[in-house]
Amino acid sequence: MPAIHESTSTAVAIMAAAADLVIVTLAVAWALEEVIYFSLFVGIPAGIASAVVTYLLVRKLLKNM
């Protein structure tokens with residue numbers, strides 16, 4: 001199996017993290033909008049934390065390929 005170039009794996013990891021940031025932020029804010037008035041105050045940090053974890057996991061997975 002051919003190795004993935006360093007910049008390609010970084011770009012894929014960033015794209016996955018960006019998609020994860022948007023999806024998780026909106027999902028958490030939507031789920032909590034009836035309970036918490038400012039649900040984005042919870043959704044944004046959850047999205048950021050999830051995006052960082054996604055970036056690190058995808059980067060590690062692609063680096064080991």
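Predicted model: local features only at pLDDT ≥ 70, side-chain atom pairs only at ≥ 80, totals over all residues.

Modeller: Residues are numbered from 1 along each chain as its sequence is written, and side-chain values use heavy atoms, with hydrogens and water left out.

Biologist: What is the radius of gyration of the protein chain?

Modeller: The chain has two helices and zero strands (DSSP runs, H or I of at least four residues for helices, E of at least two for strands, numbered from the N terminus). For 65 residues the globule rule gives 11 Å, and the chain is well over that, so it's more spread out than a compact globule, with a radius of gyration of 15 Å. That radius is taken over C-alpha atoms, and the rule is 2.2 Å times the number of residues to the power 0.38. As for the box those C-alpha atoms fill along the principal axes, it's roughly 50 × 15 × 15 Å.

Biologist: Is Ala13 buried or exposed?

Modeller: Ala13 sits in helix H1. Buried means under 20% relative accessible area, exposed over 50%, partly exposed in between (1.4 Å probe, protein chains only). Ala13 has 0% relative accessibility, so it counts as buried.

Biologist: Which residues is Ala13 in contact with, leaving aside neighbours within four places in sequence?

Modeller: Contact means heavy atoms within 4.5 Å. With those neighbours set aside, Ala13 touches Tyr55, Val58 and Arg59.
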